[in-house]
Amino acid sequence: MSFIEYVDQNSDRIAFLTVQHVQVVLLSVAIAAVIGVGLGVATERAPRVRRALLAVTGTLLTIPSFALFGLLIPVLGLGLAPTVVSLTVYAVFPILRNTVTGLETVDPAVIDASRGMGLASRQRLMLVRLPLAWPVILNGIRVATIMVVAIASIGAAVRGPGLGELIFRGLSRIGGANAFNEAMSGVAGVVLVALTLDLLFVLIGRLTTPRGLHD
């Protein structure tokens, strides 16, 4: 059976796992965005704490994904929970880093002008600094999303949802009937999800970035 024939005959299952994959990625990135942006804003006046958080979250990226998934099994069991927690851990650093960078690179002259207009500190943050930092923050969320799309496949090792099921099951049967097609359908699905989400973030960036900040 050819690869195209395999995909055609198993399209319902592949589509179901693709939707699962997208859902677990977006859920994890959403949680990481709340944490990363929140920590970046909350530690704005505590540079030492901010540097420590960047160091810790950056170090967490060095943990092999298999190891992290495995370490969470005794605590969270199998399935969705360890998958979401692991993906969130990996997604926090690029979002936090870009939040910090975005806020630090806002033109001081703009901040002084908003202060001269009588805006309080919180108003300057919400109405001036965050909107100007948004393109950088969004890019961090975009990078985190693409990274997590790939790592989410490892979630199949702990019975997590998504296309990793096809990859792991195919590889475990390599040499058997349609094993290669099964694994390749999972890989192709992951690539397509990554490309689709990347294009989606490009569109979101164009729609949400202040007009004067467009390239």
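Trainee: Is R159 buried or exposed?

Mentor: Exposure is judged by relative accessible area, with values over 50% counting as exposed; in this predicted model, R159 reaches 68% and therefore belongs to the exposed class. The residue sits in the loop between α7 and α8, and its phi is positive, about 65 degrees, although R159 is not a glycine.

Trainee: Where does N178 lie, and what is its phi?

Mentor: N178 is placed in the loop between α8 and α9, and its phi, near 65 degrees, is again a positive value in a residue other than glycine.

Trainee: At what angle do α5 and α7 pack?

Mentor: The two helices pack at about 150 degrees, their axes being 7 Å apart; since angles over 145 degrees count as roughly antiparallel, that is how α5 and α7 are oriented to each other. Their crossing is right-handed, and the contact of α5 with α7 comprises 17 nonpolar, six polar and one charged residues.

Trainee: Which residues touch the most other members of the largest nonpolar core?

Mentor: That core has 40 residues, and V25, L87, I141 and V149 are the ones that touch the most other members. Helices supplying at least two residues each include α2, α5 and α9, while α7 gives the largest share, 10 residues. Leaving aside residues up to four places away in sequence, V149 touches H21, V25, V190, V193, A194 and L197.

Terms used: Residues numbered from 1 in each chain as written. Predicted model: local features only at pLDDT ≥ 70, side-chain atom pairs only at ≥ 80, totals over all residues. Heavy atoms only, no water. Core = buried A, V, L, I, M, F, W, Y, C linked by side-chain atoms within 4.5 Å. Buried < 20%, exposed > 50% of the residue type's maximum accessible area, 1.4 Å probe, protein only. Helix = DSSP H or I, 4+ residues; strand = E, 2+ residues; numbered from the N terminus. Contact = heavy atoms within 4.5 Å. Axes fitted to C-alpha atoms, helices over the stretch in contact; angles between N-to-C directions. Parallel < 35°, antiparallel > 145°, perpendicular 65-115°, else oblique. Left-handed = near helix turned anticlockwise from the far one by under 90°. Nonpolar A, V, L, I, M, F, W, Y, C, P; charged D, E, K, R; others polar.
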